[in-house]
Structure formats: structure tokens, C-alpha cells
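Hi everyone, thanks for coming. Please have a look at the screen.

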Amino acid sequence: MPAEIENAYGPHIIDPRSGEIVESHICWYHNVMNLLTKWYMTQCGPLDKRARSMRFDDKLMGELIRFVSSHEVGHTLGLRHNMGASWATPVEKLRDKAWVERHGHTASIMDYARFNYVAQPEDGIGPKGLFPRVNDYDKWAIKWGYQYRPEFKDEHAEKIGLMAETTRILAANPRLWFGGEGMDEDPRSQTEDLGDNSMKASDYGIRNLKRVVASLPEWTRQDNDLAEMYASVRDQYGRYCNHVATHLGGRYLNNMPGKEPFELQPAALQLEALDFLGRQVFEAPLWL
């Protein structure tokens with residue numbers, strides 16, 4: 001689409017009588033490549049030397065486009081966002097090279113988990129541990145929605161059978177939890193966040209942002225994009241702080257087997273959030 005919008009989306013039209021997807025396509029705005037450049041430099045500049053210029057080579061940009069288009073293909077197949085998928089990954093595993101390169105940093109490509117900003121330069125993590133991928137939740141959701149089940153005699157028996165099956169599988173594998181669109185008070189389900197502890201993840205993210213800020217004059221020198229990239233860093237810092245603030249007074253909204261429908265955010269995590277805001281917000285972030 002010839003517009004300056006920095007986005008892409010994958011709408012579809014569904015027959016409400018059957019659930020059949022009768023039409024779908026992906027809308028790709030030209031400037032999504034500019035958005036990808038800002039995201040990757042801001043989040044992974046200290047981790048991948050290919051991100052230290054405003055002109056990414058075709059291989060890197062191709063990988064970035066593949067990530068976004070895979071997410072949009074998920075929408076065309078009927079998958080919703082799953083903003084809780086990243087909560088299934090312990091924060092420290094995001095710095096474990098062998099683990100994160102094997103399992104990925106989020107359980108779903110349908111999360112807004114972007115890139116592994118928790119990883120630190122000394123961890124030596126490669127692109128396989130920095131990029132999202134089609135993962136456990138996505139494969140399970142597609143199987144649930146598309147698998148042919150001839151053992152059920154009608155749609156009513158199928159619904160009962162699938163509910164029982166889903167309950168059993170979720171109890172055994174919490175990585176398959178569907179956390180929704182990230183629009184409620186549950187701090188586990190947020191856009192742009194990583195890991196199971198926003199305070200630890202945001203502290204690691206800010207460590208990398210400090211490295212990015214120090215390097216931006218050099219990385220943007222050729223194309224004079226310092227102001228735009230500085231704004232990207234500032235916005236990313238705001239995201240980290242908002243991830244933490246959501247923990248204050250938050251509550252968990254559960255749809256997992258054996259869980260209470262609502263749980264208050266543990267007091268220890270709320271105190272962690274207060275400590276983070278004291279250190280990273282109320283003590284002026286002069287590094288910015």
C-alpha cells in the first residue's frame with residue numbers, strides 16, 4: 001500500500017454459520033520496513049552488528065519481513081493475538097544462549113514480543129535467539145482449529161470433546177496459554193513485553209538502551225536519522241516503564257484448568273515494581 005503508515009495487517013472474512021474463512025489477504029504498507037529498522041536497532045543494536053546502520057542489507061531485512069509476514073499469515077488463518085505467550089518464558093532463560101536459540105523467546109508468533117531485548121552482549125546470542133518464530137502455541141492453535149476429527153458424530157460432540165482435550169493439554173503445558181489481546185489489567189498479558197517478570201526484563205532492556213543511546217550518533221551518521229532513532233529509544237523506555245506500572249494493583253485473569261478466575265497480583269511483585277519506578281523513573285534518567 002503506497003502510504004507512509006508504518007504497519008501491516010491480515011484481515012479475513014468469516015462465514016458466521018460455519019466458521020469458514022471465505023476471504024483473506026495481507027495489507028503491507030511500504031513504510032513497515034522503516035518501522036522494522038527502528039525496532040531492530042533499538043532493541044538489538046548492542047546484540048547484532050548488522051543493526052548498527054540505518055541501511056540494513058537485504059538478508060537482514062528479508063528476515064525481518066519474514067517475521068512480520070508470518071504474524072499476518074497467522075491472522076489470515078484465523079489466529080488472534082496472544083499477548084500472554086511471552087509470559088511463559090522465565091526472564092533468565094532469555095539470556096541462556098542454548099535455551100533461547102532452541103525454544104525462542106516467546107511461545108507464539110502472534111504475541112507482540114518483537115525481539116529479545118533482554119539478552120546482553122556478553123551472552124553471545126545469535127539471530128535465532130533474538131527473532132520470534134512460529135512456536136508451540138501457534139502449532140497447537142492451528143491443530144485445534146483445522147484438525148480433521150472424524151471420531152465425533154456432530155459439531156456438538158466435537159465441542160465437548162475438544163473442551164475436554166484442551167483442559168487436559170493446558171494442564172500439562174502452560175506454554176499453550178491464550179492470554180488475549182493485552183487490553184485488560186492482567187500484567188502477564190501486555191504488548192511489547194518479554195518474560196515472566198517485567199521488572200527484571202525492563203532493567204535488562206534499559207541496560208541495552210543505554211548502550212544504544214551512546215552509539216546512536218555513529219550508527220545514524222550516514223543518513224542523519226539521529227532524531228528519529230532517539231525518539232524510538234525514548235518510546236522504548238516508556239514501554240518498559242509502562243510494563244512495570246501495570247503490575248501495581250493488577251490482577252490475573254485465569255482461564256487455565258484448576259485456577260481461580262481472578263488472583264491479585266502478588267505483593268512481592270508489586271513491591272518490585274515500586275522499586276523499579278523509584279530507580280528508573282523518579283531518579284531522573286539522565287542517560288537519556
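This is a predicted model: local features need pLDDT of at least 70, side-chain atom pairs count only at pLDDT 80 or more; totals for chains, interfaces and linings use all residues.

Let's start with the largest pocket, which has a volume of about 780 Å³. Its lining is made of 24 residues, and Gly-78, Leu-79, Ala-141, Trp-144 and Gly-145 are the ones nearest the centre. Which elements build that lining? Strand E2 (12-14), helix H4 (136-146) and helix H5 each give at least two residues, and H4 has the largest share, with six.

Now the second largest pocket, with about 300 Å³ of space. Here 16 residues form the lining, and nearest the centre you'll find Trp-87, Pro-174, Trp-177, Arg-188 and Met-256. This lining divides into 10 nonpolar, two polar and four charged residues.

You'll find Asp-186 in the loop that runs between helix H5 (155-172) and helix H6 (198-219). So is Asp-186 buried or exposed? It is buried, because its relative accessible area is 2%, and the cut-off for buried is under 20%.

What does Asp-186 touch? Its side chain makes a polar contact of 2.8 Å with the side chain of Arg-188. Beyond its neighbours within four places in sequence, Asp-186 is in contact with Trp-177, Arg-251, Tyr-252 and Leu-253.

Definitions and conventions. Residues are numbered from 1 along each chain as its sequence is written. Side-chain values use heavy atoms; hydrogens and water are left out. Helices (H or I, at least four residues) and strands (E, at least two) are DSSP runs, numbered from the N terminus. Buried means under 20% relative accessible area, exposed over 50%, partly exposed in between (1.4 Å probe, protein chains only). A polar contact is a pair of N or O atoms within 3.5 Å; within protein, one must be able to donate a hydrogen and the other to accept it, and residues adjacent in sequence count only if both atoms are side-chain atoms. Contact means heavy atoms within 4.5 Å. On a 1 Å grid over the protein atoms alone, a cavity is a set of points where a 1.4 Å probe fits but cannot get out, and a pocket is an open set with protein on both sides within 12 Å along at least five of seven lines; lining residues have an atom within 4 Å of a point. Grid points are joined across faces, edges and corners, and a volume is the space filled by probe spheres set on the points. Ala, Val, Leu, Ile, Met, Phe, Trp, Tyr, Cys and Pro count as nonpolar, Asp, Glu, Lys and Arg as charged, and the others, Gly among them, as polar.
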